[in-house]
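Hello,

Here is the structure I said I would pass on. My notes follow below it.

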Amino acid sequence: MRSTYAVALLALIAGGIWLEWISLSLMFPIQAQVSNAIPTTVFSIDGGETAGGFGFALQGQKIASPGPTITVKSGDIVRINFKNVGATAHAFAVTREKDDRSPILFTGNIGTGARPLTPGLEGSVVFKADTPGTYYYICPVPGHPTLGMWGEFKVEG
Ligand SMILES: [Cu+2]
């Protein structure tokens, strides 16, 4: 009888530890560790209007389309600072294609197409670029990449 209680008590303790582990991993997902990592590469990018559409520029420079090519090395912890210097809502996202429906890569986005940054707002993101390739960064607001709001994002192997 006593051993039954002991087993039940152990099962309760183990269950409690397991539940706590689950809730902790929900509260502090692995992504948070990447976000807390010290960036090895930092880019400050403006987004806004050009004469005929939208584009990007290195912070303080003239907005152009396409925006400046961002090149990093595979494994870099990349920090992007993005400021909306335009007159309409914009956001920033690393994607496979220069298409506002293309999935976001490396969780490298600041705002989304549905929740972009209003004019004057800025934000930043830290992510690990760990798959070599030539990708894009875009403004994921529907129609904006087509209007020129994109640039190349290269991850060198
Ligand atoms: Cu935009």
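**What was found**

β4 and β7 pair in the antiparallel sense over 8 bridges; two strands pair if DSSP finds at least two bridges between them. Strands are DSSP runs (E, at least two residues), numbered from the N terminus. Opposite Ile-80 stands Val-125 in β7.

This is a predicted model, in which local features need pLDDT of at least 70 and side-chain atom pairs count only at pLDDT 80 or more, while totals for chains, interfaces and linings use all residues. Residues are numbered from 1 along each chain as its sequence is written.

β4 and β7 belong to an open sheet of 4 strands with mixed pairing, in the order β2-β1-β4-β7. Its edge strands, β2 and β7, each pair on one side only.

The largest nonpolar core has 29 residues. Such a core is a set of buried Ala, Val, Leu, Ile, Met, Phe, Trp, Tyr and Cys residues joined through C-beta atoms within 7 Å. β8 gives the most to this core, with 4 residues.

Phi is near 60° for Phe-106 and near 50° for Thr-107. Most residues other than glycine have a negative phi, and most peptide bonds are trans. A residue is buried if 20 or more other C-beta atoms lie within 10 Å of its own, exposed if 12 or fewer, and partly exposed in between, with C-beta atoms placed from the backbone. Phe-106 is buried because it has 20 such atoms within 10 Å; Thr-107 is partly exposed, with 14.

Finally, Ser-65 and Pro-66 are joined by a cis peptide bond, with omega about -5°. Pro-66 is in the loop between β2 and β3.

Regards
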